[in-house]
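Have the viewer open and follow along.

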Amino acid sequence: MEMITIEKAFEIVMGSAFSTGTENISFTGSAGRILAENVASDIDMPPFNKASVDGFACRKADIGSDLEIIETIPAGKWPEKSVSGMQCSRIMTGAALPAGADCVIMVEDTDLLSSGKIRYKGSFIKENFAVRGEDVKKGDIILKPGKLVRPQDIAVMATVGHTIVKVAKMPDVAVISSGSELVEPDRVPGISQIRNTNASQLMAQVARAGAAGNYYGIAGDDEEETFTLVARAISENDIVLVTGGVSMGDFDFVPSVLERAGVKILFSRVSVQPGKPTTFGIHSKAVVFGLPGNPVSAFIQFEMLVRPLIYRMMGHIWKPLTIQLPMKARFTRRFAERTALVPVFITDDGFVSTVEYHGSAHISSLSEADGIVTMPAGIKIIEKGETVSVRQI
Ligand code: AMP
Ligand code: MG
């Protein structure tokens, strides 16, 4: 099968997205979920003309005169009296402006006279109240489908009483590790073994993307064992991630196992560094990724292909945050046949620096990295001072 570009791989993956449906949940638990309905306001906001300072509500025309205090209006109490000539009502922040008043003078700008009246001593007049409906009108749509819910959106839902919210169901994402050399992280590896880095990394990436991870364990390099796990994962999930076993080694069974499980492979080589053996296929029940075994490659290909797919399945067009900054130093590579995805960090003085990186098994390099910079095929050099686009990871 031919090697394709990372752009083409992205297109194929995104073209295979299907919807996982919707569900209604409490708004308090909706952070990180994708909205699947309009949220409209059931009220004007603010719901009444609302004092924005503590002070005295009065008529602008009267502020040159001493004003009689006719009422005190705490927040939460509706004014009983209307303010007329030479009068004012003591008012607290958040309380409703009384009829007749057209401004609130700040308490700091007044003197209380022995007569019990107040006198304005400020120099210029501000209204100091928010007009009913100036933020949002009743019926206005304030949140739209496809939005990734953040705490500030939960604040909006709270304000408009939208306590049950329709969100996209989280795709179920299976994680399977492949390799007879792997032991789980709580074990001490034998002399020919290594710890399973990828499964927990991928489970955390799945969770960060707002999906539900289901870990299926390690499949040894045995065709039957791998087939059994993969077939079960396909029947129980929307997306299946298998890491390892996709290279050209004698025990790399994953592509043949996928085909036997009924997966139609759409690509199995991507012209990208790291991540060349990335494999992708579709099944009537799920889509399946064969991710590289090297942890850095698995991480980066998840970010490039799986994370956008998870969001797309939930109806969200994800735009990874990118920051344009100059390179701290010249960066070169020897071979430029493939697109390179280079882990970088942002220095305290605002430059982009490459992390020390020994290859795609060097997982601690990613802990240093703030993002990745794309170097297109054919490009061998990024000059010192050249502006690059850092994609946050
Ligand atoms: P493979 O694609 O199976 O040939 O794996 C490529 C490299 O990644 C080998 O060095 C594997 O030992 C390593 N590898 C595979 N799976 C994992 C994993 N889950 N955690 C850490 N390293 C892995
Ligand atoms: Mg292997």
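This is a predicted model: local features need pLDDT of at least 70, side-chain atom pairs count only at pLDDT 80 or more; totals for chains, interfaces and linings use all residues.

## Helix α3 and what follows it

Residues are numbered from 1 along each chain as its sequence is written, chains are lettered from A and ligands numbered from 1 in the order in which they are written, and side-chain values use heavy atoms, leaving out hydrogens and water.

Back up into the helix itself, and you'll find that the buried residues of α3 (residues 198–208) are Asn198, Ala199, Gln201, Leu202, Gln205 and Val206. Buried means under 20% relative accessible area, exposed means over 50%, and partly exposed is what falls in between, using a 1.4 Å probe and protein chains only. Those residues cover an arc of only 160° around the axis, which puts them on the same side of α3. The arc is taken over the directions from the helix axis to the C-beta atoms. As for what they pack against, the partners are β13 (172–178), β16 (212–219), β17 (239–243), β21 (287–291) and α6 (295–313). Contact here means heavy atoms within 4.5 Å.

## Arg307 in α6

Arg307 sits in helix α6. Is this arginine buried or exposed? Arg307 counts as buried, with 10% relative accessibility. If you skip its neighbours within four places in sequence, Arg307 is in contact with Arg208, Ala209, Phe302 and Trp318.

## Helix α2

Now try α2 (residues 151–159), whose buried residues are Asp153, Ile154 and Met157. Looking down the axis of α2, these fall within an arc of 105°, so they line one face of the helix. The strands they pack against are β11 (141–143) and β12 (164–168). Just after α2 comes Gly161, with a positive phi of about 75°.

## Around ligand 1

Which residues come nearest to ligand 1? Out of the 18 residues around ligand 1, they are Glu181, Asn196, Thr197, Gly245 and Ser247. A residue counts as near if one of its heavy atoms lies within 4 Å.

One nitrogen atom of ligand 1 is 3.0 Å from a polar backbone atom of Thr197. At Gly293, a backbone N or O atom lies 3.1 Å from a nitrogen atom of the ligand. For Asn294, it's an oxygen atom of ligand 1 that is 3.2 Å from a polar backbone atom.

## A four-stranded sheet

Have a look at the open sheet of four strands, which has the order β5-β6-β4-β7 and mixed pairing. β5 (68–73) and β7 (103–106) stand at the edges with a single partner strand each, so one side of each has no neighbour in the sheet. From one strand to the next, the twist averages 30°. That angle runs from 0 to 180 degrees between N-to-C directions, with axes fitted as lines to C-alpha atoms.

Two strands pair if DSSP finds at least two bridges between them. β4 (residues 55–58) and β7 pair in the antiparallel sense over four bridges. Across that pairing, Phe56 stands opposite Ile105 and Cys58 stands opposite Cys103. β4 also runs antiparallel to β6, joined by three bridges, and there Gly55 stands opposite Ile91.

One runs from Met45 to Pro46, with omega near -5°, and Pro46 lies in the loop between β2 (39–40) and β3 (50–51). Another joins Gln273 and Pro274, with omega about 5°; Pro274 is in the loop between β19 (272–273) and β20 (279–282).

Met86 has a phi of about 60° and lies in the loop between β5 and β6 (87–91). At 41% relative accessibility, Met86 counts as partly exposed. Asn128 also has a positive phi, near 60°, in the loop between β9 (118–120) and β10 (129–130). With 12% relative accessibility, Asn128 counts as buried.

Note on methods
Helices (H or I, at least four residues) and strands (E, at least two) are DSSP runs, numbered from the N terminus. A polar contact is a pair of N or O atoms within 3.5 Å; within protein, one must be able to donate a hydrogen and the other to accept it, and residues adjacent in sequence count only if both atoms are side-chain atoms.
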